[in-house]
Amino acid sequence: VTTPAFIIGSGANRAAMIMVAMSANGAANITASLGGVSGTVIAGTDSGTSATIRTLIFQVINPPSGSQTATVSWLNSMNVDVGVITVSGADQTTPCTSGTFAASNSTPAPTTSVTIASNSGDLTASVGLTGGTWVAPFTSQTLKWGIDSSAAGGDIGPGTGATTHTWTDQFYFQTHAVSGANFKAAAF
């Protein structure tokens with residue numbers, strides 16, 4: 001799948017998260033790129049087979065500025081939603097840290113949360129996918145993309161340090177997958 005073209009700014013020390021939400025957990029050979037620059041999975045973000053749906057996040061170091069597209073490919077048939085969040089001012093060695101996820105086939109509450117370790121000046125972000133329907137305001141943080149088909153979206157935190165991202169479903173006992181990570185600020 002390839003996203004529509006969007007503009008990446010020309011600020012220094014760029015980085016991106018390519019957020020992937022999959023309707024099944026059996027994909028193989030998943031790859032992602034942005035503007036022709038290959039991404040790598042952020043450690044700790046891949047929910048794998050923890051639920052029947054799956055979320056994961058790729059990091060891209062220094063994607064090119066200007067009009068770009070992101071591409072995600074995989075083996076095995078399923079529906080996939082892709083969102084991209086780009087920043088400037090990110091560390092260029094390890095721009096994305098503190099990967100985490102929460103996933104379940106039967107959530108005991110209508111909400112699923114991840115707490116992402118972060119420092120003031122960094123920026124946390126998460127992707128949420130439900131087998132049900134996310135309901136407004138969808139997330140406890142700032143929604144940046146989605147909500148697509150009432151089921152998938154991405155958000156960012158306030159940039160003030162460790163942040164809990166909570167996604168809210170319409171009902172209890174739904175299938176959820178939420179992955180999150182932190183954009184680490186460059187040292188100046």
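Biologist: Hi! How many bridges pair E11 with strand E16 (residues 163-169), and in which sense?

Modeller: Six bridges, and E11 and strand E16 (residues 163-169) run antiparallel. Strands here are DSSP runs of at least two residues, helices (H or I) are runs of at least four, and both are numbered from the N terminus. Two strands pair if DSSP finds at least two bridges between them. This is a predicted model, where local features need pLDDT of at least 70 and side-chain atom pairs count only at pLDDT 80 or more, while totals for chains, interfaces and linings use all residues. Residues are numbered from 1 along each chain as its sequence is written, and side-chain values use heavy atoms, with hydrogens and water left out.

Biologist: Thanks! Which residue in E16 stands opposite Thr 115?

Modeller: That would be Thr 164.

Biologist: And what sheet does E16 sit in?

Modeller: An open one of three strands, ordered E11-E16-E13, with antiparallel pairing. Strand E11 (111-116) and strand E13 (134-139) are the edges, each pairing on one side only. From one strand to the next the twist averages 15°, with axes fitted as lines to C-alpha atoms (for helices over the stretch in contact) and angles taken between N-to-C directions, from 0 to 180 degrees.

Biologist: Let's move to E15. How many of its residues are buried?

Modeller: Five of the five in strand E15 (residues 152-156) are buried. Buried means under 20% relative accessible area, exposed means over 50%, and partly exposed is in between, using a 1.4 Å probe and protein chains only.

Biologist: Which of them point which way?

Modeller: Ala 152, Gly 154 and Ile 156 point one way from E15, and Gly 153 and Asp 155 point the other way. In a regular strand the side chains alternate between the two faces of the sheet.

Biologist: Which strands does E15 pair with?

Modeller: Strand E12 (residues 123-130) pairs with E15 in the antiparallel sense over five bridges, and Ala 125 has Ile 156 as its bridge partner. Strand E14 (residues 142-148) also runs antiparallel to E15, joined by five bridges, and there Gly 146 is partnered with Gly 153.

Biologist: Now Gln 68. Is it buried or exposed?

Modeller: Gln 68 is buried, at 15% relative accessible area, and lies in strand E7 (residues 66-68). A polar atom of the Gln 68 side chain lies 2.8 Å from the backbone oxygen of Ser 65. Beyond four places in sequence, Gln 68 has contacts (heavy atoms within 4.5 Å) that include Pro 4, Phe 6 and Leu 34.

Biologist: Last one: where does Gln 174 lie?

Modeller: Gln 174 is in the loop between E16 and strand E17 (176-183), and counts as buried at 18% relative accessibility. Among the residues Gln 174 touches, leaving out those up to four places away in sequence, are Ser 104, Thr 130 and Asp 169. Pro 108 is 66 residues from Gln 174 in sequence, with 8.2 Å between their C-alpha atoms.

Conventions:
Polar contact = N/O pair within 3.5 Å; in protein donor to acceptor, adjacent residues only side chain to side chain.
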